[in-house]
Amino acid sequence: MIKYTALFAFLFLSVGAFAQSTIDPSRKQAIDSLALEKVKDLSKYISIIGSKDTQFSEAKRVMDRAEELFAEDSEMGVSTLGSEEIAYFKVRAYFERLMALNYDKVKIKWYDIHYVSDLEQQPDGTFVGVITVYQRFEGTSKDGSLNYKDTTKKDITIFVKKKETQIAGRVIEFWDVLLGDIRVTETSA
């Protein structure tokens, strides 16, 4: 959290350089770091929500925090081995389904998190990029025998938008990073 706050403060205090609609290379590095931190935070939240050891009230609290990472109406893809179909759910619905999975123990790990596309400016001034992650999912039954496991490659859309806020009567511009749709690109054993 301290890291995240420091990055935000860095972006926030760098307002003078943001009068233009492009991102200064030194600021872009900070934005990239913030985006990766948000994806890592989401990874932690998903592990907590999916864990059967998490109390219901704590899972709901973590779901609220995780939702704040996303742009409105974002969706998350879900796939399974043996099926070509990929189902997409709104973020909150995905978390609720994850919490309700019919396993006695669920283990979810994200790894190899990295950018696969640079930020590109859109006509509305928003910058869009893609971060790829690999998710290892394991669900086990009460007797400890493994019921299901897979590895999924996912592409996460990243939105970087210029926003304004007012501090002591002064309008301050800053860049905000939000996660967008999470698309499944590959599912393997």
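**Buried charges and a nonpolar core**

Biologist: Is Asp-32 buried or exposed?
Modeller: In this predicted model, Asp-32 has a relative accessibility of 15%. The cut-off for burial is under 20%, so Asp-32 counts as buried.

Biologist: Which residue forms a salt bridge with Asp-32?
Modeller: The closest N and O atoms of the pair are 2.6 Å apart. Both residues belong to helix α2, 4 residues apart, which means that about one helical turn separates them. The partner of Asp-32 is Lys-28.

Biologist: How many residues apart are Asp-176 and Lys-38?
Modeller: These two form a salt bridge, with closest N and O atoms 3.8 Å apart. Asp-176 sits in strand β6 and Lys-38 in helix α2, so the pair links distant parts of the chain. Lys-38 is buried at 3% relative accessible area, and Asp-176 is buried at 15%.

Biologist: Which helix holds Glu-67, the salt-bridge partner of Arg-92?
Modeller: The closest N and O atoms of Arg-92 and Glu-67 are 2.9 Å apart. Arg-92 lies in helix α4, and the pair ties together parts 25 residues apart in sequence. Glu-67 is partly exposed at 31%, and its helix is α3.

Biologist: Which element gives the most residues to the largest nonpolar core?
Modeller: That core has 35 residues, with Leu-42 and Phe-70 among those with the most contacts inside it. Elements that each supply at least two residues include α3, α4 and β5. The element that gives the most, with 8 residues, is α2.

Definitions and conventions. Residues are numbered from 1 along each chain as its sequence is written. This is a predicted model: local features need pLDDT of at least 70, side-chain atom pairs count only at pLDDT 80 or more; totals for chains, interfaces and linings use all residues. Side-chain values use heavy atoms; hydrogens and water are left out. A nonpolar core is a set of buried Ala, Val, Leu, Ile, Met, Phe, Trp, Tyr and Cys residues joined through side-chain atoms within 4.5 Å. Buried means under 20% relative accessible area, exposed over 50%, partly exposed in between (1.4 Å probe, protein chains only). A salt bridge is a side-chain nitrogen of Lys or Arg within 4 Å of a carboxyl oxygen of Asp or Glu.
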